[in-house]
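Welcome! Take a look at it first, and then read on.

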Amino acid sequence: GTFNRAMLGLQPELEGYADSLTNAMVDFFTQTTKRFTIDMQPHYIYSPREMTRWVKGIAEAIEPLDSLDINGLVRLWAHEALRLFQDRLVGEDERRWTEDHIDAVARKHFPDMNPSIALARPILYSNR
């Protein structure tokens, strides 16, 4: 939570979402680690490093921006989650599960966002 608060301090209008961001990340990470195990595929290994990579990816994208609204933050959060978690999945049903859970977790933790903007597919993100 502390790093997310500092990171969102770069975007003052988003500072109030630090706890939501942290809780959403932990929620999705926990669900994913329970759903995908090394018993399914040997490369389905998850560690707290994924959380670090996730936060770092968001921080690197936010840093050069002049402004970012809640929809942009959620879109960036989802993009990084897909990059870190979905890209390693083997089955289409697993990818679909991930998409569905990203949407559900985003709706739960970011009730102020507009899902038709923040979660519109495809989720591609660039700060350029």
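In which helix does H109 lie? H109 lies in helix α5, and we will come back to it below. This is a predicted model, in which local features need pLDDT of at least 70, side-chain atom pairs count only at pLDDT 80 or more, and totals for chains, interfaces and linings use all residues. Residues are numbered from 1 along each chain as its sequence is written, and side-chain values use heavy atoms, with hydrogens and water left out.

**Helix α5 and H109**

- Helices here are DSSP runs (H or I, at least four residues), numbered from the N terminus.
- The 18 residues of α5 should span 26 Å at 1.5 Å a residue, and its end C-alpha atoms are 26 Å apart, which agrees; the expected span is 1.5 Å times one less than the number of residues.
- The buried residues of α5 are E94, W97, T98, I102, D103, V105, A106 and H109, where buried means under 20% relative accessible area and exposed means over 50%, with partly exposed in between (1.4 Å probe, protein chains only).
- Among the elements that cover these buried residues of α5 are α2 and α4.
- H109 is buried, with a relative accessible area of 15%.
- Leaving aside neighbours within four places in sequence, H109 is in contact (heavy atoms within 4.5 Å) with S20, N23, A24 and D27.

**How α2 meets α4**

- The axes of α2 (residues 18–35) and α4 (residues 70–85) come within 12 Å and cross at roughly 25°. That makes α2 roughly parallel to α4, a label for angles under 35 degrees.
- Those axes are lines fitted to C-alpha atoms over the stretch in contact, with angles running from 0 to 180 degrees between N-to-C directions.
- From α2, the contact is made by L21, A24, M25, F28, F29 and T32, and from α4 by W77, A81 and F85.
- These contact residues divide into eight nonpolar, one polar and no charged.

**Two loop residues**

- D87 is found in the loop between α4 and α5 (92–109), and D87 is exposed, with a relative accessible area of 57%.
- The C-alpha atoms of D87 and T32 are separated by 13 Å, while the two residues are 55 residues apart along the chain.
- D66 lies in the loop between α3 (49–62) and α4, and D66 is also exposed, with a relative accessible area of 79%.
- Between the C-alpha atoms of D66 and L10, 56 residues apart along the chain, the separation is 8.8 Å.

Definitions and conventions:
Angles under 35 degrees count as roughly parallel, over 145 as roughly antiparallel, 65 to 115 as roughly perpendicular and the rest as oblique. Ala, Val, Leu, Ile, Met, Phe, Trp, Tyr, Cys and Pro count as nonpolar, Asp, Glu, Lys and Arg as charged, and the others, Gly among them, as polar.
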